[in-house]
Amino acid sequence: MTIVEKNGRYHARHVTKGEVPETAGESELHKALKNHTAETASRDGFGVTVEDRAVHGRRRTDVTVAGASGKKIGYEIQISPIASGSVGTRTHTAVDDGLIPLWLVTNENSLAIDRAPWARLNVQRWQDVGSRDALRVRGEEG
């Protein structure tokens, strides 16, 4: 995956290894939010899968949480810019795989907002994510 700029907007793009430089790994904030989501759900008794990869290879969900009813929420933690088309494609893939998608974003201008189920969290640094602290939601689809 790489980030490319086109007409003043940034877009995530999958590339063949070596075609262009790949983007850096996950940010510390992304890792902290992923761990917090997984640990909180697990502590509350839910089944959790981190980096849930679909058999078909078109989906890798940051955290999947399975409820008692068998329904699964697929958390997509989106810190970096993303193209609106990618949000739609990834959301539809998750739904097709039986997940209820939920995009966790930290930027009020995230392209996931109003294009998919979303919640905006009030954190900007990994240090703001405490292992047992509740995270304040600043906005949500509703």
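**View A. Leaving aside neighbours within four places in sequence, Asp-52 is in contact with Arg-59, Arg-60, Thr-61 and Thr-64, where contact means heavy atoms within 4.5 Å.** The model shown is predicted, so that local features need pLDDT of at least 70 and side-chain atom pairs count only at pLDDT 80 or more, while totals for chains, interfaces and linings use all residues. Residues are numbered from 1 along each chain as its sequence is written, and side-chain values use heavy atoms, with hydrogens and water left out. Asp-52 belongs to strand β3, strands (E, at least two residues) and helices (H or I, at least four) being DSSP runs numbered from the N terminus. With a relative accessible area of 15%, Asp-52 is buried; buried means under 20%, exposed over 50% and partly exposed in between, for a 1.4 Å probe and protein chains only. Glu-51 also lies in β3, and at 22% relative accessibility Glu-51 counts as partly exposed. The phi of Glu-51 is near 55°, a positive value in a residue other than glycine. Most residues other than glycine have a negative phi.

**View B. Asp-97 sits in the loop between α2 (84–96) and β6.** Its relative accessible area of 29% makes this residue partly exposed. Setting aside neighbours within four places in sequence, Asp-97 is in contact with Ala-54, His-56 and Arg-59. Asp-97 and His-56 are 41 residues apart in sequence, and their C-alpha atoms are 9.8 Å apart in space. Over the whole chain, residues 24 or more positions apart account for 43% of the contacts with a separation of 6 or more.

**View C. Helix α1 (28–43) has buried residues that pack against β3 (47–53), β4, β5, β6 and β7.** The buried residues of α1 are Leu-29, His-30, Ala-32, Leu-33, Lys-34, His-36, Thr-37, Ala-38 and Ala-41. At 1.5 Å a residue, the 16 residues of α1 should span 22 Å, and the end C-alpha atoms are 22 Å apart, which agrees; the expected span is 1.5 Å times one less than the number of residues. After α1 comes Gly-45, whose phi is positive, near 95°. The helix belongs to a chain with 2 helices and 8 strands, arranged along the sequence in the pattern β-β-α-β-β-β-α-β-β-β, and buried residues make up 35% of the 142 residues in this chain.

**View D. Strand β6 runs parallel to β5 and also parallel to β7.** There are 7 bridges joining β5 to β6, whereas 3 bridges join β6 to β7; two strands pair if DSSP finds at least two bridges between them. Gly-74 has Pro-101 of β6 as its bridge partner, and Leu-104 has Ala-119 of β7. β6 is mostly covered, with 5 of its 7 residues buried. From β7, Trp-118 and Arg-120 point one way and Ala-119 and Leu-121 the other way, and all of these residues are buried.

**View E. The loop between β6 and β7 contains Ser-110 as well as Asp-114.** Ser-110 is buried, with a relative accessible area of 13%, whereas Asp-114 is exposed, with a relative accessible area of 64%. The C-alpha atoms of Ser-110 and Pro-81, which are 29 residues apart along the chain, are separated by 7.0 Å. Although Asp-114 is not a glycine, its phi is positive, at about 70°.

**View F. The second largest pocket has a volume of about 390 Å³.** On a 1 Å grid over the protein atoms alone, a pocket is an open set of points where a 1.4 Å probe fits, with protein on both sides within 12 Å along at least five of seven lines, and lining residues have an atom within 4 Å of a point. Grid points are joined across faces, edges and corners, and the volume is the space filled by probe spheres set on the points. Of the 20 residues that line this pocket, Thr-37, Thr-40, Tyr-75, Leu-102 and Leu-104 lie nearest its centre. At least two lining residues are supplied by each of α1, β4 (60–66), β5 (72–78), β6 (99–105), β7 (118–121) and β8 (137–140), and the largest share, 5 residues, comes from α1. By class, the lining has 14 nonpolar, 4 polar and 2 charged residues, where Ala, Val, Leu, Ile, Met, Phe, Trp, Tyr, Cys and Pro count as nonpolar, Asp, Glu, Lys and Arg as charged, and the others, Gly among them, as polar.
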